[in-house]
Amino acid sequence: MRITIAGTGYVGLVTGVALAEIGHEVICYDIDDEKVNRLKEGISPIYEPGIDQLLVKNQLNNRLSFSSDCSEVYSTPDIIMIAVGTPEKEDGSANLSYVYQVAKDISKYLNTQQAIVVTKSTVPVGTNRKVKQWIEEEIDFHSKIHIVSNPEFLREGSALYDTFHGDRIVIGSEDEEAATKMEELYSPLNIPIIHTDIESAEMIKYASNAFLATKISFINEIANICEKVGANIEDVSKGIGMDQRIGSKFLQAGIGYGGSCFPKDTKALVQLAGDVKHRFHLLEAVINVNNNQPLLLLKKARNYVGSFKDVKVAVLGLAFKPNTDDIRESAALVVLKHLLNEGAQVNVYDPIAIANARKVLGNTVTYYETIEAAIKDTEIVFIVTEWKQVKEFPLRNYLDLMKTPIVIDGRNCYEVKEAAALNMTYSSIGRESVTAAKIEIK
Ligand code: UDX
């Protein structure tokens with residue numbers, strides 16, 4: 001099939017590459033000329049395992065191309081997929097202006113009797129119908145538009161894997177022919193398909209992300225209580241996760257969820273519920289717990305140093321999770337904001353997110369490419385992202401390299417027992433804290 005994909009961000013690019021790989025002819029469109037030129041040269045704008053290889057391979061076999069000319073890309077495809085960004089507006093709702101622009105461009109340049117327009121971007125319930133209306137109100141000649149809601153569930157860092165091995169594909173459509181065509185499109189992937197109406201498909205995406213965010217805030221709250229009652233969150237997570245009705249995934253307590261999806265989508269769903277006069281109390285609480293979680297880490301550190309003024313601090317990890325260079329809504333940014341406001345001198349380490357961090361943090365912090373260099377002579381270390389490099393970094397080295405080894409671990413990367421044996425100060429999430437004999441508590 002001939003597919004046009006609007007938007008070469010995470011969703012658009014990964015989908016484009018994957019559909020080309022399974023045999024379709026794909027054109028990816030983006031308004032950003034520079035990005036398109038780099039993609040033509042095989043350079044991916046995102047860090048994603050496996051993408052570079054497939055990008056080059058499928059361009060060479062002519063199944064994948066890139067363009068910034070909307071008159072060309074929208075004229076005669078079998079399917080148009082909308083995968084542009086839906087950033088958060090100030091009130092928490094989704095900004096649909098990029099989606100609107102694509103709809104308007106389609107209406108201007110579409111030159112076929114009928115077309116299937118698929119929304120992959122996460123959009124509020126009701127948006128797909130608006131897209132149809134936006135296209136139809138300006139279309140030049142009588143052309144039939146079939147709208148399909150086909151949300152994606154890919155995770156950054158394993159986006160290609162998720163596209164090829166997803167748990168399900170959701171197809172929300174009211175036209176049987178369009179739904180069948182979508183099934184054909186994805187058939188080489190052999191992933192279970194669920195057919196729904198358009199609104200349910202739109203809701204599945206928000207409800208999935210909200211549910212996963214709820215699991216994280218729930219386990220973080222349990223962890224916060226565990227600390228106070230002397231229980232261990234690792235054992236508690238394991239114990240509840242073995243109940244198959246609950247499941248063991250997304251029960252890793254930590255500094256809270258970040259990234260481009262959960263924070264934005266949870267707020268958008270609260271907003272969406274509010275629009276229909278339903279107050280989503282549960283999700284509001286999930287968001288509050290998440291906002292508070294990084295602050296608890298700072299509070300733990302204050303127990304040892306009182307104030308951060310002129311304290312030498314290292315923050316390990318800037319990305320919102322391992323295996324990505326994405327720092328959007330990363331808990332690291334919250335921790336850093338507070339540390340800097342309170343006058344700390346901050347070193348940061350991240351294996352791949354430093355370039356992105358520099359754009360946001362400028363020279364307010366000192367950047368290091370090794371953990372050793374970042375923690376040398378510091379008084380406190382905050383572990384924010386559970387990078388493999390951090391998990392494999394010997395705990396003993398903190399003792400050797402830091403001025404006063406106080407480690408505040410927001411991702412439970414180490415065993416409490418080991419810290420206790422080393423007589424260092426170590427505080428993590430939902431587990432007992434240990435204090436070195438020589439550290440004075442203010
Ligand atoms: C998420 C969804 O998983 C994906 O289906 C959706 O399409 C987009 O949003 P992503 O943002 O890439 O994907 O990251 P994910 O791996 O889900 O992690 C999100 C955040 O939750 C990270 O900050 C992570 O550290 C945190 N998390 C995840 C936890 O704190 N504990 C967990 O147990 C799991």
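Visitor: How far apart do the C-alpha centres of domain 1 and domain 2 lie?
Guide: This is a predicted model. The protein chain is divided into domain 1 (2-195) and domain 2 (197-442). Between their C-alpha centres the distance is 33 Å.

Visitor: Which element gives the most to the side of domain 1 that touches domain 2?
Guide: Here 25 residues of domain 1 are in contact with 24 residues of domain 2. On the domain 1 side, the elements giving two or more residues are helix H6 (127-136), strand E6 (144-149) and strand E7 (169-173). With 4 residues, the top contributor is E7.

Visitor: Which element gives the most to the shell around the ligand?
Guide: The ligand is surrounded by 19 residues, and the closest are Glu156, Gln252, Tyr257, Gly259 and Cys261. Domain 1 and domain 2 each supply at least three residues of this shell. The shell divides into 10 nonpolar, 5 polar and 4 charged residues. Giving 3 residues, the leading element is H9.

Visitor: How do the axes of H9 and H12 cross, oblique or parallel?
Guide: The axes of helix H9 (residues 198-229) and helix H12 (residues 281-305) come within 9 Å. They cross at roughly 50°.

Visitor: How many residues of the contact of H9 with H12 are charged?
Guide: H9 brings Ala210, Ala213, Thr214, Ser217, Asn220, Glu221 and Asn224 to the contact. H12 brings Leu283, Val286, Val289, Asn290, Gln293 and Leu296. Of these residues, 6 are nonpolar and 6 polar, and the number charged is 1.

Key: Residues numbered from 1 in each chain as written. Predicted model: local features only at pLDDT ≥ 70, side-chain atom pairs only at ≥ 80, totals over all residues. Axes fitted to C-alpha atoms, helices over the stretch in contact; angles between N-to-C directions. Contact = placed C-beta atoms within 7 Å. Nonpolar A, V, L, I, M, F, W, Y, C, P; charged D, E, K, R; others polar. Near = placed C-beta within 6 Å. Domains from an automatic or database assignment.
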